[in-house]
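Here are a few friendly questions and answers about how the terms are applied to this model. Have a look at the structure, then read on.

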Amino acid sequence: MTSLSKVALVAGASLMLLGSPAFAQDKTFNIWWYEGADSAQGITWTKALEELKANHPDVTVNFEQKTFDQLQQSGSMILNSAEAPDVLEYNKGNATAGLVASQGLLTNLDDAYTAEGWDKVLNEGQLVLSRYNELGIYGSGPIWGISTYGEYVSAFYNIDAFEKAGVKVPATLEELTAAFDTFKAQGVTPLALGGASTSGQHLLASLAYTKADDTWVQNYQGLKAPLDGAPYLFAAQTLTDWLAKGYITKDSTGMNDDDASLQFTSGKSPMYVSGTWNLGNFSANIKDFKWGQFVIPTPKYSVGSTGNLWIIPKGSKNPELAKEFISLLLSTKYQTEQANNGGVSFAADPAGVTNPVGANASAVFAQIAAKQGLGFYPDWPVPGYYDVLNQKDTGLLQGTLSPEQFVDEIKTVYDDAQASQ
Amino acid sequence: MAVDSVARHRRGYYLYLIPGFLGLILIVIGPQIANFVLSFTAWKGVGTPRWVGAQNYQRLLTDDQFWGSMHNTLFYMLSMTVIPVLIGLVLASLLFDYVRDQFSERLSSFFRAAFYLPQILPLTVAGVLWGWILNPVGVANAILKMVGLGALAQNWIGDATYALAAVSLVIVWVQVGYCLVVFMAGLSRIDPALYEAAQLDGAGWWQRLVAITVPMLAPEIFVVALTTLIAALKVFAPVFVLTQGGPDDATLAPSYLTYFHFFTTQRVGYAAAVSTVQMILTLGLAVIFLVFQQRQAERGV
C-alpha cells in the first residue's frame with residue numbers, strides 16, 4: 001500500500017466516522033415480554049415490533065425474551081431499579097401490577113388512553129384490570145397498563161371421541177356428568193387433570209363459579225369480606241364426588257399441567273379443563289383427532305380475564321415509542337393477525353380471520369365479556385394463594401382433606417389476608 | 001530485635017486480608033445482618049419496611065407449615081446425610097478394597113465417576129427426568145406393570161404417603177456420589193500395611209471396614225456429615241423441581257417456605273424470620289460438630 005493510499009484510507013475512515021449518524025444511534029428502545037415465541041401473542045408482537053423498527057430506522061430496538069417466573073418473582077425489584085426497560089409485559093392483578101402501580105413505579109396512562117385512541121378499541125369491561133387504586137386494588141383508579149388480548153378457561157374436548165360415544169356437547173352441569181358417565185362406562189377416565197398445577201385450581205374455581213353471583217365474585221376478588229365458603233364447598237364436594245365415581249383419577253395429584261394435557265393430546269382422556277394458553281400447543285400438536293372447546297356451564301361467570309398488561313415504567317426513556325407500540329398491537333391489523341395466529345383478540349376484523357381456532361376463541365371471549373362474565377382467576381385476591389390452592393387441592397384429591405376441611409383451610413388464609421390488608 | 005521484626009512482618013500480612021475480609025462483609029455478614037433486621041419488619045419487597053417487633057417470630061411459633069417443614073427436615077437429614085454416608089462408606093471400601101484389587105483400577109474409577117455423575121448434572125434437569133420417572137403414568141409405574149408388579153405402582157410424588165420418601169430417594173441418588181468421592185480420597189491416605197496385617201490375621205472384608213476403614217476415615221466422615229447436614233437444613237432444589245412442597249405440604253422444607261413467603265406472599269419480613277431460625281440452627285450444628293471434632297483430635301485419634 002502506498003503512503004498516499006494510506007492517507008486516503010485514514011481520511012475516508014474519518015469522514016465516515018463524522019458522517020455516520022452516531023448520535024441518532026444512541027436512541028435505544030428496550031422492550032421485554034415473556035409470551036413464548038411460538039404463541040399467538042409472541043408471533044404477533046414480533047411482527048408488530050418489526051413494523052415499529054421499520055417506522056423508526058434511527059432507533060435501536062433491543063428486545064429481551066423473559067420468563068413468567070422471572071418477572072413474577074423479581075419484577076417489582078427490577079422496576080424499582082435503573083435496569084427497567086422502556087415498556088414490558090407484566091402480570092395483571094393486585095399482587096403484581098397493582099403492587100408496582102401503588103408503589104409509584106409506573107407511568108399513568110389516563111391521558112394516553114384517549115390521546116392514542118385506545119378508547120375506541122377497548123371498553124370499560126376490558127379496562128377493569130388496567131385500573132389500580134392507591135392500595136393497588138384493581139377495578140378503580142388510574143389506568144396503569146393496557147391488555148391487548150383475552151384469555152379464559154374452558155373444557156377442551158375430543159370431537160371424534162364425543163361422536164364415537166354418541167355424546168353431545170354439554171350445556172348444563174347435569175349433561176356434563178352424564179357425558180362423564182358415558183365415557184366412564186366405556187372404561188375411559190373422562191377428564192384429564194393436573195391436580196398439582198394450574199388446571200386443578202381452575203377446575204375447582206369453574207365449579208365454584210356455578211354457585212357464584214355478582215356480590216360473591218366482587219367480594220371475593222376485591223378482598224371485601226371474609227370468605228363466604230359456600231361456592232367452594234360445592235366445588236370441593238363435586239370434585240370428591242367426581243373422584244369417587246372415577247371421572248377424574250386420584251393419580252392427578254402427581255401430575256402437573258404438562259402431564260395432564262398430554263393425556264388429552266394423546267387421546268387417552270376426551271376432556272381437559274384449562275385455559276386458552278393451550279391453543280397454540282393443541283393446534284400444533286393434535287394431529288389424530290378433531291378438537292373443540294366448550295365453556296363450563298355456569299350462570300354468568302367463567303374463569304378468565306383480559307390478558308397480561310403492557311406497562312411503561314416510570315423511568316422509561318422512550319414513553320412515546322412505548323405508546324406507539326401499544327397502539328400497533330390494538331390496531332385492527334395486528335388484532336386480526338393475532339386471531340389468525342390462534343389468539344384471543346378484542347377487535348379483529350371478522351372478515352380477515354381465516355383461522356377457525358382464533359375465530360372461535362375470540363367469539364367465545366366476546367360472549368363472556370359481553371355479559372360481564374369474566375370472573376378472573378381464583379388465586380388473585382391473596383398474594384401466594386396460587387400455591388395455597390394447589391396444596392389444598394391436592395389434599396382434597398388425595399383424600400387427606402374433607403371438603404369441609406378444605407374450605408376451612410383456604411378460608412383461614414383468605415381471612416387472614418382480608419383482615420390485614 | 002528479631003522478634004520485633006517478625007511481629008512487624010506479621011502486621012504487614014494483615015494488609016493482604018483486607019480484600020477477603022471486605023468480600024466477607026459485603027456478601028456474607030452484611031446480608032445476614034440485613035436479613036436479621038428485616039425479620040423484625042413487615043415488608044413487601046418494595047417500599048419502606050415497617051417495624052413490627054417480634055410479631056414474625058410469634059407467628060412462626062404457631063405456623064403449622066413451619067413446624068411441618070421442620071419435621072420434614074428430619075427426614076431430609078436422613079436422606080442427605082445418614083443414608084448417603086452409610087452407602088458411601090460401603091461403596092467406597094467395596095470399590096477401593098475389592099473391585100480395584102479383584103478387577104482393575106479402571107473399573108473402580110469408572111464406578112466412582114458414574115456414582116458422582118448426579119452431582120454434576122444440574123438438579124433442574126435431573127428433577128424433570130425424575131418427574132417423568134415418578135409421575136403416575138411415568139417410567140417407574142410402567143416398568144412395574146411390565147414385570148407384572150402393577151399392584152405396587154403408586155402415585156409416588158402425588159400421594160402424601162410416598163411423596164417424602166420419593167423426594168428423599170432422589171436426594172440420596174444425588175448425595176451418594178459426593179460421599180463416595182471424599183471417602184475414596186480418604187482411603188488412599190490410609191497405610192495399606194494396616195489392611196495387609198489385618199488380612200494376614202484373618203480379618204474379613206467387613207471386619208476390615210469396621211476396624212480400620214471407619215476409624216481411619218473419621219476426619220472425612222466428620223467433614224461429609226457436617227457439610228451434608230447443613231445442606232439438609234437448606235434443601236430446596238429437589239423439592240422445588242419435584243413437588244413444590246406438595247401434596248398438601250407433605251414435602252415442604254424450610255427453604256421452600258422462605259422462598260414462598262419472599263417471592264409470592266410478599267411477606268419478606270416473615271421469610272427473613274424463617275431463614276434467621278434456619279441460620280441459627282445451621283450455625284449451632286456447625287459449632288457442635290467442630291467442638292466434637294476438636295475433642296476427637298485432642299484425644300489423638
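Q: How is chain A divided into domains?
A: Chain A has domain 1 (28-149 + 307-330) and domain 2 (159-304 + 376-419), with bounds from an automatic or database domain assignment. This is a predicted model, in which local features need pLDDT of at least 70 and side-chain atom pairs count only at pLDDT 80 or more, while totals for chains, interfaces and linings use all residues. Residues are numbered from 1 along each chain as its sequence is written, and chains are lettered from A and ligands numbered from 1 in the order in which they are written.

Q: How far apart are the C-alpha centres of domain 1 and domain 2 of chain A?
A: They lie 30 Å apart. The contact (C-beta atoms, placed from the backbone, within 7 Å) takes eight residues from domain 1 of chain A and five residues from domain 2 of chain A.

Q: What makes the span of α4 of chain B close to the expected one?
A: The expected span is 1.5 Å times one less than the number of residues. Helix α4 (residues 105-120) of chain B, a DSSP run (H or I, at least four residues), has 16 residues and reaches 22 Å from its first C-alpha to its last, close to the 22 Å expected.

Q: Which residues of α4(B) are called buried?
A: S108(B), R112(B) and F115(B), as buried means 20 or more other C-beta atoms within 10 Å of the residue's own, all placed from the backbone. These buried residues pack against α3 (64-102) and α7 (160-187) of chain B.

Q: How many residues of chain B are in contact with chain A?
A: 24 residues of chain B are in contact with 27 residues of chain A.

Technical notes. Two residues are in contact if their C-beta atoms, placed from the backbone, lie within 7 Å. Helices (H or I, at least four residues) and strands (E, at least two) are DSSP runs, numbered from the N terminus. A residue is buried if 20 or more other C-beta atoms lie within 10 Å of its own, exposed if 12 or fewer, and partly exposed in between; C-beta atoms are placed from the backbone.
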